[in-house]
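Please view the sequence and the model together.

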Amino acid sequence: MSISEVKISDILARWYLDHKRDLPWRKTKDPYAIWVSEIILQQTRVVQGIDYYHRFMNRFPDLQSLAEAKIEEVLKVWQGLGYYSRARNMHAAAWQMITDHGGVFPSTYQEMLKLKGIGPYTAAAVASIAFNEPRAVVDGNIHRVIARIFGLFEPPGQVPAKCGICRKAEALLDRAEPGIHNQAVMEFGALVCTPANPSCRSCPLQKHCTAFGKHLVEELPVRNKKTTQKHRYFHYFIVHSAEGILIRQRTGKDIWQHLFEFPLIETPRPVSPGRLMESTSWNQLFTDSRVKPFKVSKMIKHTLTHQVIHAKFYHLDAFPDNFALKSSFQEVPLAELGKLPVPKLIENYLEILID
Ligand code: SF4
């Protein structure tokens with residue numbers, strides 16, 4: 001570590017101890033709790049994450065309870081956070097730790113990397129915070145802070161061998177207090193050196209910051225080119241019957257695996273209800289061509305990371321007998337639907353319906 005790196009690291013640690021937010025996962029050294037918080041925070045902002053963290057920890061307070069839960073229950077608690085594969089991976093990793101590690105969370109970075117869904121970022125965060133292992137964390141926040149302080153024009157997501165920012169993060173790491181150091185840089189990135197309008201005027205690192213000194217704050221960090229978003233058009237059918245509403249669990253490698261949804265027709269572009277009713281997909285879904293929706297919602301836009309879903313909900317009094325694929329669906333009373341994990345898009349629509 002050079003003198004300036006020591007200084008920067010000290011300033012960050014002092015700033016952190018004076019300014020850190022009072023967050024529930026900062027009051028524990030339990031690797032399980034720290035792991036849960038880290039995965040949740042990869043999905044959402046701290047303010048929203050606190051609620052999810054409490055819900056998750058109340059329902060699954062330890063590895064055993066998470067491993068033994070049904071995946072639907074885990075997904076229900078996760079509902080609304082998105083990237084449901086993360087919740088499925090946590091469930092699988094909890095099982096791995098029960099079966100391969102005697103129910104104990106592994107205590108080293110290398111062992112953690114063998115667990116499902118735990119990559120270098122999460123392993124470094126848990127190993128440093130829970131076990132004080134000197135591993136530098138590099139996430140988007142830390143990438144930005146380091147790029148600005150040292151004036152590094154490097155896009156995110158470099159492989160380790162080419163990751164100059166990762167090497168700088170390692171060089172900056174306080175090896176005596178790696179947990180505090182990593183949390184200090186993350187918190188600094190979240191509160192001071194923010195993506196837009198960073199607080200440079202009051203920044204304790206202003207004197208050491210290359211981006212500030214060279215007027216490069218706006219240019220750093222280098223951002224990856226925006227990936228194009230795919231647009232998808234979902235037509236959901238709310239089929240009311242005496243027994244309830246028809247739903248099924250999503251399977252396959254698409255989004256929302258294992259979540260429940262209504263019967264669906266997907267089209268590559270927007271189509272009117274009239275055109276949809278003349279389509280082959282409609283005829284494959286309904287045995288009786290006279291079936292007509294009594295209500296169609298307006299188009300609802302739901303944005304995911306790489307996809308935009310444009311959805312319409314069609315309400316039908318078509319009794320399931322008119323429904324060709326009836327056998328692949330369950331009939332669930334409306335009151336029971338709330339207990340099943342559903343995509344946020346459907347959860348939001350159900351809330352409108354109930355209102
Ligand atoms: S001076 Fe500005 S850009 Fe530099 S570290 Fe501080 S907040 Fe970030």
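## Asn 182 and its contacts

Asn 182 touches Ala 124, Ser 128, Arg 135, Ala 136, Val 137, Ile 142 and Leu 173, leaving aside residues up to four places away in sequence; contact means heavy atoms within 4.5 Å. Asn 182 belongs to helix H11 and is buried, at a relative accessible area of 2%. Buried means under 20% relative accessible area, calculated with a 1.4 Å probe on protein chains only.

## Basis of the model

The model is predicted: local features need pLDDT of at least 70 and side-chain atom pairs count only at pLDDT 80 or more, while totals for chains, interfaces and linings use all residues. Residues are numbered from 1 along each chain as its sequence is written, and side-chain values use heavy atoms, with hydrogens and water left out.

## Helix H8

Helices here are DSSP runs of H or I with at least four residues, numbered from the N terminus. Helix H8 covers residues 120-131, and its end C-alpha atoms are 15 Å apart, which agrees with the 16 Å that its 12 residues should span at 1.5 Å a residue. The expected span is 1.5 Å times one less than the number of residues.

H8 is mostly covered, with 10 of its 12 residues buried. Among them are Ala 124 and Ser 128, both of which Asn 182 touches. The cover over the buried residues of H8 includes helices H2 (31-41), H7 (109-112) and H11 (178-191). After H8 comes Asn 132, with a positive phi near 60°.

Notes: Helices (H or I, at least four residues) and strands (E, at least two) are DSSP runs, numbered from the N terminus. Buried means under 20% relative accessible area, exposed over 50%, partly exposed in between (1.4 Å probe, protein chains only).
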